[in-house]
Amino acid sequence: MEEKIRLFIEQTFLFEFGDDITSTTDLFKAGVIDSFGYVQLMHFLESEFAFKYSDDEFLTQILVSLDSLVDSVREKMEANAAA
């Protein structure tokens with residue numbers, strides 16, 4: 001799952017994670033993504049991993065790093081499996 005997310009971000013936003021941009025880097029502050037890119041990324045996560053962010057989650061839980069994205073997807077998948 002983490003690799004799929006990483007590859008999507010790298011291929012969509014045309015950069016590679018490495019020394020300068022790591023899994024904990026704020027992708028907004030680093031200039032990797034903007035608000036349009038964030039919406040695109042959220043739609044990818046929802047379609048790829050078969051879950052839906054609520055409007056409240058989408059607007060209040062801004063996920064800024066690869067690690068936070070992976071954690072969020074993992075939580076959503078676990079919640080779906082428990083339901």
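Helices (H or I, at least four residues) and strands (E, at least two) are DSSP runs, numbered here from the N terminus. Helix axes are lines fitted to C-alpha atoms over the stretch in contact, and angles run from 0 to 180 degrees between N-to-C directions. The model is predicted, so local features need pLDDT of at least 70 and side-chain atom pairs count only at pLDDT 80 or more, while totals for chains, interfaces and linings use all residues. Residues are numbered from 1 along each chain as its sequence is written, and side-chain values use heavy atoms, with hydrogens and water left out.

Helix H1 (residues 2-13) and helix H2 (residues 35-49) cross at roughly 145°, their axes coming within 11 Å. Contact (heavy atoms within 4.5 Å) joins H1 residues including Ile 5, Phe 8 and Ile 9 to H2 residues including Leu 41, Phe 44 and Leu 45. The residues of this contact comprise 8 nonpolar, 3 polar and 2 charged; Ala, Val, Leu, Ile, Met, Phe, Trp, Tyr, Cys and Pro count as nonpolar, Asp, Glu, Lys and Arg as charged, and the others, Gly among them, as polar.

H2 also packs with helix H4 (residues 66-82), at an angle of about 35° and with the axes 11 Å apart. Here Leu 41, Met 42, Leu 45 and Phe 49 of H2 meet Leu 69, Val 73 and Met 77 of H4. This contact has 7 nonpolar residues, no polar and no charged.

The loop between helix H3 (55-60) and H4 holds Gln 61. Beyond its neighbours within four places in sequence, Gln 61 is in contact with Tyr 38 and Asp 56. The C-alpha atoms of Gln 61 and Ser 72 are separated by 9.4 Å.
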